[in-house]
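Hello,

Here is the structure I promised to pass on to you. Have a look at it first, and then read on for my notes.

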Amino acid sequence: MKKTFKYGLVALAMFTILTSCKKESKLNANLDAIDQNIIKDKNLTDIWLDQNFLNPYNIETKYRFDRFELASGKNITPPAVEQVIPAMEMVRDVWIRPYEVAGGGDFIKKISPKQFVLAGSAEYNSNGSITLGTAEGGRKIVLYVINSFDKTNINSVKQMIQVIQHEYTHILNQTVDFSPEYQTVSRGGYEANWTQRPLSEAYSLGFITQYARVSPLEDFAEQSSNMLMMGRVQYNAIVATTPADAQVKLKKKEQYVVDYFKTAFNIDFYQLQKEVQKALFKVSPPVLSRLTGYGVGYTTLYSNPSTDPNQSAEFLGLWNAARTSMAAGGFVLKDFLMTFKANNVMTLRYTFTNATGTTTYFADADYTLALNANTGLTTFTLMATQPTGTTYSNMGVINARMAGVNSYFSTGSFRANWINQIIPGEIGYLGSLGAFYKTTNANSYFYGTMGQ
């Protein structure tokens with residue numbers, strides 16, 4: 001104690017000497033070099049950001065590297081200036097504008113982060129995950145991996161905008177909290193160590209992603225953001241692949257999200273979802289062949305050739321011939337349905353009635369479906385062995401009368417594509433019209449309403 005005290009006296013004496021010799025002078029430091037965000041002469045990027053974010057929405061975008069805006073102890077690359085406008089164009093078009101349509105022109109002005117901070121690379125975490133975005137107190141959103149962003153690549157755009165949708169959901173939740181009952185849907189399934197759990201396990205427990213298992217708060221944000229970015233076709237397709245109990249949970253969570261947006265902000269979530277999809281379709285138009293099949297997207301094609309306009313002449317002629325033959329047998333041919341199932345199975349179903357229309361019958365047959373997702377090349381091959389049951393037996397009864405149509409489906413190959421060039425309409429949504437064109441004659445095709 002005595003020794004320590006003496007050192008304390010020496011230190012005090014030295015401090016007294018130093019303070020008595022203090023000399024005041026002007027600090028000679030170039031603050032502009034230290035903080036690159038002190039802007040005196042705005043460049044074209046600054047002006048564009050002012051016109052598209054600061055002036056209309058009071059949202060600042062910081063892209064000049066500022067270490068104090070990012071997590072300490074992490075190696076993070078500054079963003080390339082030439083990447084800023086392309087990235088922020090997508091922020092404006094895919095995030096802001098859909099909310100303006102669904103929520104009103106002032107919605108983003110009233111509820112929004114006041115600052116975007118851009119980083120060139122990702123933030124790497126000790127648990128093996130990477131951080132692609134963060135939100136701080138509803139005020140700031142940090143966007144990472146700007147240097148690898150590609151506005152022409154749909155996956156790159158989706159990755160960045162989903163981060164914003166996720167973080168923005170947190171901001172909305174800070175404005176109006178979601179129902180506490182939400183957390184009861186998957187009670188017992190939350191897992192902090194989510195990086196060690198497979199996606200299949202998350203699906204089986206009613207979570208749309210692995211990260212959704214972290215907490216109810218993250219679950220709600222993941223549910224909302226994924227529904228927006230997937231769209232109804234893809235989301236429904238994923239839900240359909242999960243176990244029955246998980247399907248119930250995911251549909252409940254969907255309803256909680258839909259109800260939340262309507263109750264809290266008077267926003268029709270499905271309209272918002274559609275507006276987001278419209279914006280994404282401008283980046284990359286939807287491809288029917290990539291959206292058709294079990295667990296992928298569309299699982300049905302419904303057609304009533306007798307009333308649907310602009311069926312091709314060849315197919316309509318075969319259909320009308322089948323109707324005449326069915327009528328001769330005392331039946332009325334109504335329509336057909338293709339159902340795309342797991343394991344590359346397509347079930348073809350004809351609907352017909354008795355002559356008076358008082359009794360409805362179904363006739364089924366299973367085909368092997370070969371559909372190339374990239375080229376759209378498709379073949380339907382009748383399976384040699386058919387399942388048993390009344391509907392399959394019914395196909396045997398009417399098979400000869402439907403021979404021409406059956407042969408059309410099973411002979412040769414088709415190319416899957418939309419029919420909006422012939423029948424104008426929206427593509428990529430439930431209810432859009434899809435067609436299968438003969439590869440040997442593009443004027444010969446059949447089409448129908450794509451559904452699930």
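In which loop is the place of Asn58? Asn58 sits in the loop between α3 and β1. (Helices, H or I runs of at least four residues, and strands, E runs of at least two, are DSSP runs numbered from the N terminus.)

Before going further, some ground rules. This is a predicted model, in which local features need pLDDT of at least 70 and side-chain atom pairs count only at pLDDT 80 or more, while totals for chains, interfaces and linings use all residues. Residues are numbered from 1 along each chain as its sequence is written, and side-chain values use heavy atoms, with hydrogens and water left out.

Now the overall picture. The chain has 13 helices and 14 strands. Of its 452 residues, 46% count as buried (buried means under 20% relative accessible area, exposed over 50%, and partly exposed in between, with a 1.4 Å probe and protein chains only). Among contacts between residues at least 6 apart in sequence, 64% join residues at least 24 apart (contact means heavy atoms within 4.5 Å).

Asn58 is partly exposed, because its relative accessible area is 48%. Its phi is near 60°, a positive value in a residue other than glycine. Most residues other than glycine have a negative phi. Ile59 is in the loop between α3 and β1 too, but Ile59 is buried, with a relative accessible area of 1%. Leaving out residues up to four places away in sequence, Ile59 touches Phe53, Leu54, Ile108, Ser112, Pro113, Lys114, Gln115 and Phe116.

Next, two helix pairs. The axes of α3 (residues 44-57) and α4 (residues 84-103) come within 11 Å and cross at roughly 15° (axes are lines fitted to C-alpha atoms, for helices over the stretch in contact, and angles run from 0 to 180 degrees between N-to-C directions). These two helices are therefore roughly parallel to each other (angles under 35 degrees count as roughly parallel, over 145 as roughly antiparallel, 65 to 115 as roughly perpendicular and the rest as oblique). Residues making the contact include Trp48 and Phe53 of α3, and Met88 and Ile96 of α4.

The axes of α9 (residues 244-265) and α10 (residues 269-283) come within 8 Å and cross at roughly 100°, so α9 and α10 are roughly perpendicular to each other. Their contact is made by Glu254, Val257, Val258 and Phe261 of α9 with Phe269, Tyr270 and Leu272 of α10. In the loop between α9 and α10 you will find Asn266, which has a positive phi of about 55° although it is not a glycine. Asn266 is exposed, with a relative accessible area of 54%.

Gln165, in helix α6 (residues 154-175), is buried at a relative accessible area of 0%. Beyond its neighbours within four places in sequence, Gln165 is in contact with residues including Trp95, Tyr99 and Met229. Ser444 lies in strand β14 (residues 441-451) and counts as buried at 1% relative accessibility. The side chain of Ser444 makes a polar contact with that of Tyr408 (2.9 Å). (A polar contact is a pair of N or O atoms within 3.5 Å; within protein, one must be able to donate a hydrogen and the other to accept it, and residues adjacent in sequence count only if both atoms are side-chain atoms.)

Best wishes
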